[in-house]
Amino acid sequence: MSENKNDQLPLWEVFIQKSNGAPIKHAGSIHASDKEMALQNARDIYTRRNEGRLLWLVPSNAIVATVIEDEADFFDPADDKIYRHPSFYEVPDGVTNI
Amino acid sequence: MNNKENLYQFLLRCSDDNLIAGQRMAEWCSNGPILEEDLAMVNISLDLLGQSESFLDYAATLDTMGKNADDLAFGRSEREYFNHLLVEQPNGDFAVSMVKLLFFSAYQKELYTALMSSKDERIAAICAKAVKEARYHYRHASDWFERLALGTDESLRRLNDAIVELWPFTENFFEMDNAYQALQAENIVPEMADIRKKWLSNIQEVFRNGEVDLPGDVHMYSGGINGYHTEHLGHLLCEMQYLHHAHPGAQW
């Protein structure tokens, strides 16, 4: 986290859980110099309007990501594998979040 | 004074502390050190304005002239404001503002916690809600205290200057006048000596974490709650009340 090209504090990715049991979703990013500041900055910027009940903060440079050049090799092979979708099952009424 | 007047007086004191502290904090809007902190300070400011409104709404129900919360916020002059002296002090640099918030939020946190068992149910309800905000403000300010204390030579120097400047205003929070004592006798407000003790133990811990010494005995300022203020409040009110004076009763 020491490779700042400008005078910005290190970057962190913000993940929010909206309600109990819901998935924890990426919401955006913030700058902070330590973990506690990261939590508070995320709280102040992303949860002021009741957006969540749990926050995860991850240093952006701790995230391993694919790059655009990988896209074809990584993801195109999944294009024609329709049988991998569990779309042949009947989903009972009342089951949501699938 | 009868008890209704004492209660009215105390509600104004609580609301004025919040309103003036909130107005001061709002002066940081667009001037924060980084975008995230700018937003954090504006959030704190809005929390304080909301708390002020809760107390003013209650005070308005006791007002003998039928004034509403807006009249009370924007229609009173300096001598009719009863906030403590610390909150009206200028923002100075970021260290001054954070030390000010630390001293104030520690006081509010302990006062509200005690007031949650007030015999006055409406005060207890307001404080049960407000204490969560005060605890968060305290957390924010004490973290910054530590960062500045353990940061660079300059941040420590600025922090020490802020402590020297603001410490003499802290004893003021624990003054008890006749109106307060009358309410205390009714179990509506807590003994201030207890609040002071808890406040000091919070502050001692924060100073210890930052490896900063508590100031020694210095002259302590008194006033505010009697309507006598430092020269800074009048200027703040001029700005805060300008729009209401220029367009009385304006709504949007």
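This is a predicted model: local features need pLDDT of at least 70, side-chain atom pairs count only at pLDDT 80 or more; totals for chains, interfaces and linings use all residues.
Student: Is B:Lys109 buried or exposed, and how do I read that?

Tutor: The general idea is relative accessible area, where buried means under 20%, exposed means over 50%, and partly exposed is in between, using a 1.4 Å probe and protein chains only. B:Lys109 counts as buried because its relative accessibility is 13%. B:Glu110 is buried too, at 11%. As for bookkeeping, residues are numbered from 1 along each chain as its sequence is written, chains are lettered from A and ligands numbered from 1 in the order written, and side-chain values use heavy atoms, with hydrogens and water left out.

Student: Which residue forms a salt bridge with B:Lys109?

Tutor: A salt bridge is a side-chain nitrogen of Lys or Arg within 4 Å of a carboxyl oxygen of Asp or Glu. Here B:Lys109 pairs with B:Glu110, and their closest N and O atoms are 3.1 Å apart.

Student: How many salt bridges are there over all chains?

Tutor: The count comes to 13. One of them joins B:Arg13 to B:Asp177, with the closest N and O atoms 2.7 Å apart. That pair links distant parts of the chain: B:Arg13 sits in helix 1 (residues 3-26) of chain B, and B:Asp177 in the loop between helix 7 (153-166) and helix 8 (178-185), 164 residues apart. Helices here are DSSP runs of H or I with at least four residues, strands are runs of E with at least two, and both are numbered from the N terminus. B:Arg13 counts as buried because its relative accessibility is 5%, whereas B:Asp177 is partly exposed at 23%.

Student: Which residues are linked in a network of salt bridges?

Tutor: Look for B:Asp93, B:Glu154, B:Arg157, B:Arg158 and B:Asp161.

Student: Now chain A. Where is A:Val14, and what is A:Val14 in contact with?

Tutor: A:Val14 is in strand 1 (residues 11-17) of chain A. Contact means heavy atoms within 4.5 Å. Leaving aside neighbours within four places in sequence, the contacts of A:Val14 include A:Ile30, A:Tyr46 and A:Trp56. A:Val14 is buried, with a relative accessible area of 0%.

Student: And A:Tyr83, buried or exposed?

Tutor: A:Tyr83 counts as exposed, because its relative accessibility is 56%. You'll find A:Tyr83 in the segment after helix 2 (71-75) of chain A.

Student: How much area do chain B and chain A bury between them?

Tutor: The size of an interface is often given as the accessible area lost when the parts come together. Buried area is that loss, worked out with a 1.4 Å probe and summed over both parts. Chain B and chain A bury about 1,200 Å² between them, 48% of it on carbon and sulfur atoms. In chain B, the residues that lose the most area to chain A are B:Glu36, B:Tyr136 and B:Arg147, together 45% of what that side buries. The contact takes 12 residues from chain B and 13 residues from chain A.

Student: How many salt bridges are found across this interface?

Tutor: The rule finds 2 between chain B and chain A. A:Asp34 forms a salt bridge with B:Arg147, their closest N and O atoms being 2.6 Å apart. On the side of chain B that touches chain A, helix 2 (35-62) and helix 6 (121-149) are the elements giving two or more residues. Helix 6 of chain B supplies the largest share of that side, 6 residues.

Key
Buried area is the accessible area (1.4 Å probe) that two parts lose on being put together, summed over both.
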